Amino acid sequence: MFEPLSPFEIQALALSLRVAAAALIGLLPVALALAWLLARVRFPGRWLVEAFVNMPLVLPPVVTGLVLLSVFGVRGPIGGWLREAFGVTLAFHWTGAALAAGIMALPLVVRPLRLSLEGVDRHLEQAAASLGAPPLHVFLRITLPLAAPGIVAGVLLGFARAFGEFGATITFAGSIPGETQTVPVAIYAALQRADGEPAAIRLAVVSVIVSIAALFVSEWANRRVTRGRSDL
Amino acid sequence: MKAAAGLTRRGSLIVLFALAVAACSSRQETASPVTVFAAASLTDALGAIAQDYERETGRPIRLSFAASGAVARQVEAGAPADVVILADHPWMDRLQTVGAIRADSRRDLLGNRLVIVAASDATIDGDPLVWLQHTGGRLAVGDPDSVPAGAYAREWLTGRGVWGDLRPLLVMGGDVRAVLAFVARGEAQLGVVYASDARSTQAVRIVLEPPADQQPKIVYPAALTAAASPEAARFLDHLRSPAAAARFRQFGFETLD
Amino acid sequence: MSLAFHVRARRGDFDLDVAFASPARAIGLVGPSGAGKTTLLQGLAGLTPVKTARLTIDDELVVDTEAGLAPPPHRRSVGYVFQEGRLFPHLQVGTNVGFARPYVADPMSVGDALRLVDLEGFERRWPSTLSGGEMRRAAIARALVARPRLLLLDEPFSGLDHARRAALIPHLLRLREEVPMIVVSHDPRDVEALCQDVVVIAAGRRVS
């Protein structure tokens with residue numbers, strides 16, 4: 001059981017890393033925008049936006065997958081249009097797996113982002129504005145760097161969640177080796193086989209290692225970012 | 001603007017890192033692969049044939065196995081398959097009706113037989129099905145709605161008049177290999193699988209094999225999908241070659257001429 | 001007239017309406033806690049919403065909300081120094097002080113600004129390592145780099161002991177000639193040494 005990983009397992013790991021990274025890159029701007037909206041802007045129907053953002057957290061993941069299939073599948077409104085206009089198919093492709101993982105990770109990323117945005121001292125932003133910085137620069141030079149610890153935490157939490165996503169992935173993206181068979185899906189597939197337990201256990205160990213690594217990197221990044229800022 | 005520039009530099013570094021991870025994990029491909037979606041019972045046989053083919057021609061073959069029902073639904077939903085091999089006609093008919101496969105490429109490729117298996121070290125007295133009902137064990141079958149092996153099992157057992165009695169004892173598997181795994185792990189005392197599956201693992205042995213006149217007609221159709229490449233057609237032809245046929249027989253399938 | 005302003009604002013039950021004009025270069029704004037001093041100052045800087053605001057600096061109309069002239073804070077050229085300075089904690093002192101340089105046509109150099117407040121050589125220090133008085137002086141230097149037309153100082157003396165207060169005053173006196181300023185304090189003695197004219201407000205209205 002402690003042999004090095006087989007090509008099948010390496011493929012699952014590489015695919016999982018790629019899918020999770022793509023999911024994070026895609027969802028970060030969305031999460032930032034939503035976090036900003038919820039932290040700073042007062043508007044009617046706020047609670048609706050909050051509820052929507054939190055939905056993937058409480059819905060059964062397979063239901064989220066089903067919704068994705070109905071909307072982004074080739075016979076769905078958006079999926080059909082994507083195929084007609086750009087020749088792009090998401091369902092049962094790694095891009096679809098990234099979409100599923102991104103949606104499931106979204107609420108976990110928005111929350112710490114929003115908290116850290118709320119925690120940024122408004123006076124500092126006002127000081128920057130009074131010094132001539134237009135709103136975009138205030139955001140990039142003051143708000144974002146000060147919110148950085150929360151952003152790092154959110155991104156890593158989101159990455160771990162995206163890496164471990166199963167229910168929505170297997171419903172919307174299936175279990176295609178090299179394309180959508182991420183580590184959790186591969187573990188499930190291995191367990192379906194009579195002789196698959198050792199492979200499943202090896203992959204499970206890999207998952208644990210990735211999670212621990214994510215936690216370490218999060219801690220390290222946090223320390224670097226807050227270096228010199230003893231008041232934070 | 002040093003502070004802003006520093007920030008943008010850090011930001012782009014992160015993006016570059018992520019893209020590098022993504023790029024590194026891309027498969028290095030010299031030729032674009034032929035993607036085959038096939039019924040789960042073909043796992044070992046197709047795996048071996050694909051390996052042979054890759055070695056001879058250098059063209060990579062990508063294999064994805066699931067129950068025929070799952071395969072059909074995925075192909076219908078746009079999954080990137082070039083060649084489809086299923087374990088019964090109804091699922092292939094469905095794909096043909098929606099135009100997902102090229103009707104002129106469809107051929108019946110293989111046959112198979114149903115068997116009942118038990119764990120290798122199990123002790124069974126007399127007729128396995130009667131024994132099962134007396135000891136109150138469980139019978140693993142594929143889900144008849146999506147697994148042809150389950151549909152064939154239902155057909156056979158209904159023909160023997162015992163399906164109704166066995167219903168309370170059933171455990172459904174998502175594909176025929178899952179059924180095999182249930183028996184191998186002892187979660188079900190008996191399971192209905194193909195003869196080819198029974199040969200794939202030492203953990204189970206055949207305890208009942210219906211004679212030919214009681215076997216359901218099991219046939220594996222194969223076809224190209226609507227968007228398949230010429231390379232895919234070549235692989236499909238290869239599957240009907242004598243070399244491939246020998247391999248299939250080696251793994252317990254029946255070849256059709 | 002160096003300075004003329006009129007600000008009206010409402011915060012819940014609190015109602016502010018203060019008008020003032022003076023040729024003085026340093027004007028003190030004094031009153032008890034809750035009188036509206038910070039609201040008035042922030043209204044002039046454009047950092048807080050007001051009902052109406054009018055601001056004339058050196059006879060030039062800078063803000064007149066009723067006439068539609070209401071530039072956002074980053075275009076108002078009104079420097080604002082918060083209580084306790086509020087340096088950006090994630091930037092070194094030099095970067096803090098030079099923050100406004102990209103946004104101003106002819107900014108002061110960081111070195112010059114630091115020299116004006118006696119913080120030469122502090123460029124690479126981190127804000128968390130500065131004393132209270134040093135932080136305030138750095139914040140003043142930061143505001144000066146932008147060459148504001150008006151400098152607003154919100155309680156620059158609060159929390160400083162007598163010795164440090166006395167040390168800060170000469171710097172502000174020097175600045176008086178460069179740029180007109182409004183200095184807020186709840187203690188009238190603080191502004192005596194510095195300001196040539198004083199506005200006293202209480203409960204949102206001028207008292208003298």
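How many residues does the contact take from chain B and from chain A? In this predicted model, in which local features need pLDDT of at least 70, side-chain atom pairs count only at pLDDT 80 or more, and totals for chains, interfaces and linings use all residues, the contact takes 27 residues from chain B and 28 residues from chain A, two residues being in contact if their C-beta atoms, placed from the backbone, lie within 7 Å. On the side of chain B that touches chain A, two or more residues each are given by helix H1 (2–24), strand S2 (61–66) and helix H8 (176–184) of chain B, and the largest share, seven residues, comes from H1(B). By class, this side of chain B has 17 nonpolar, six polar and four charged residues, where Ala, Val, Leu, Ile, Met, Phe, Trp, Tyr, Cys and Pro count as nonpolar, Asp, Glu, Lys and Arg as charged, and the others, Gly among them, as polar.

Residues are numbered from 1 along each chain as its sequence is written, with chains lettered from A and ligands numbered from 1 in the order in which they are written. Between chain C and chain A, the contact takes 20 residues from chain C and 19 residues from chain A. Strand S6 (residues 78–81) of chain C provides the largest share of the side of chain C that touches chain A, namely three residues, and the residues of that side divide into 14 nonpolar, four polar and two charged.

Chain B contains eleven helices and eleven strands, which are DSSP runs numbered from the N terminus (helices, H or I, at least four residues; strands, E, at least two). Of the contacts in chain B with a separation of 6 or more, 76% are accounted for by residues 24 or more positions apart.
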